[in-house]
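Here are a few friendly notes to read alongside the model.

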Amino acid sequence: MPLFNLSNVSKPKTLDYDVAIIGAGPGGLATAVYAGRARLKTIVFEKATEGGQILLTDTVEDYPGFTSISGNDLAENFLNHAKAFGASFADEEIVEVDFKSDPKRIKSDLGNEYTAKVVVIATGSNPKRLGVPGESEFMNKGVSYCAVCDGSFFKDKKVVVVGGGDSAIEEGLYLTKITNDVTLIHRRDKLRAQKIAQDRAFKSKMKFIWNTVVTEIGGSKNVEYVNVKDLKSGEVKKVPTEGVFIYVGLSPNTEIFKGSIEMDENGFIITNSKMETNIKGVYTVGDVRNTPLRQIVTAASDGAIAVIDMVKYFE
Amino acid sequence: MAALLSEEDRKYLVDLFQKEVKSEVKILFFTRKNKEECEYCELTQQILDELAETTDKIKIEVHDFDSEEDLVKKYNIGMAPAILMFDSKNKDMRIRYYGIPSGYEFSSLIEDVVATSKNGEVDLSESTLKKLQEIKEPVKLQVFVTPTCPYCPKAVLMAHKLAMQSPNFIGEMVEANEFPDLSMQYNVSSVPHIIINDGEGEFVGALPEDAFIDQVMSVVKGA
């Protein structure tokens, strides 16, 4: 990533828009590009840093057009692209929505109230909790969900990574650059991650414990061990570790929309093939949507489809 | 030495400062001569110098952390590198950067420059401003960060906004990797990690404004 990053600097703004996009990950930013090109007055809200979860990825190799690009650079490209076609940005967290009014109303943590004819939910997802004893107790005391944020605290220490998908492997590989002792614990006998990432992991110094689940995270002040259970033999043992990085799936960021929009049993928002939800004029794109694949390319594609459809509200 | 800022970023800053920087901003920079005691002092000074070259409204004043004891004491500077900002009325904004504001924290520094140039005019909700008035005792917020944490600037800027708005607050950014002893003292292993009044209270995460201020209030008011 660039040594000095400027993507967070916010811009002046007004309060009324054609399109309000909540979340500046790939889905939200692709929506902003297309909305800008459709000459819609567009604002994008971001509670952390523009780019979303790709900022947590060291290297992206599966976004067409870029053989290999850092998550940070790709995020910056997305952001600059959206800005180039006129989208406004606000570093504010949306805390309340009213989809019943016309135009729709949304309120930010700074107390600002915005209106928009169309709202696009692009709030993404965040790593799911493992749900074992000790996880909450030792959260921020060795339990982490963000290797790029917290990895440096575990220099030369023993860490475990829980999971077997793309995130687990990629974050695990990132951790191998910080410490020599990275063990991946996975409940199956093979990984779900993309094959190329698997090959890299097997060639790296990462160690693997297969067919095994973590049953407890323990220690005194900080994490000292995880208890694991071998699902085949039933054997239970203690694995000493100082860090536990958890990547066992994604949980949608839909808390503020509960009750106002249709979701599936896991909280992901349901849309039609045009990305429109059960509420007219409210669209959902990217990871937060009930979708078979959560990738940068699919999030971007969702954004394009949503804008082409929403144009009908401005004719 | 090669420039730290890319030509593109430099142009962006020239343009941004031209539009946004209203009055003069003085940056007090505390450094140490001994490289072994301050790995990032030199780099911090260089980025500040490059920043000052983008506008005639930023003035950098360099001080030695080890020999200028009176000044260090006056502003209660605990470590170096340290960055402080003063507005055009020479008012201390009560914000502190301990460690280099690199990575995502560079944005925080820029936001602070703009806010300082407007004499501490920042965007806070009515309810927060009301709560701030209830606080009469000193509050120190130390926000531990890493430069690669995209969630951290939000917490840093919250602490800094509170400091700019209330004379009772001091808002600090602490780059956790540069000050491992302090990080260890507060058991920091996930960021942003916010320490209130030297450990009277603490929380982790970039909370929305309401939740952030409530955490602070619960410690200060004992509620």
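1. Let's begin with the outward side of α1(B), where B:Glu8, B:Lys11, B:Gln18 and B:Lys19 are exposed. Exposed means over 50% relative accessible area, buried under 20%, and partly exposed in between (1.4 Å probe, protein chains only). Helices are DSSP runs of H or I with at least four residues, strands are runs of E with at least two, and both are numbered from the N terminus.

2. A note on conventions: this is a predicted model, in which local features need pLDDT of at least 70 and side-chain atom pairs count only at pLDDT 80 or more, while totals for chains, interfaces and linings use all residues. Residues are numbered from 1 along each chain as its sequence is written, chains are lettered from A, and side-chain values use heavy atoms, leaving out hydrogens and water.

3. Which residues of α1(B) are buried? They are B:Asp9, B:Leu13, B:Leu16, B:Phe17 and B:Glu20. Seen down the axis of α1(B), the buried residues fall within an arc of 95° (taken from the directions from the helix axis to the C-beta atoms), so they line one face of the helix. Their cover includes α2 (41–52), β2 (58–64) and α4 (105–117) of chain B.

4. Turning to the interface, the contact (heavy atoms within 4.5 Å) takes 41 residues from chain A and 40 residues from chain B. A:Phe4, A:Leu6 and A:Phe153 supply 23% of the area that chain A buries against chain B, more than any other three residues. Buried area here is the accessible area (1.4 Å probe) lost when two parts are put together, summed over both.

5. The rule finds 2 salt bridges across this interface, counting a side-chain nitrogen of Lys or Arg within 4 Å of a carboxyl oxygen of Asp or Glu. A:Glu93 forms a salt bridge with B:Lys154, with the closest N and O atoms 3.4 Å apart.
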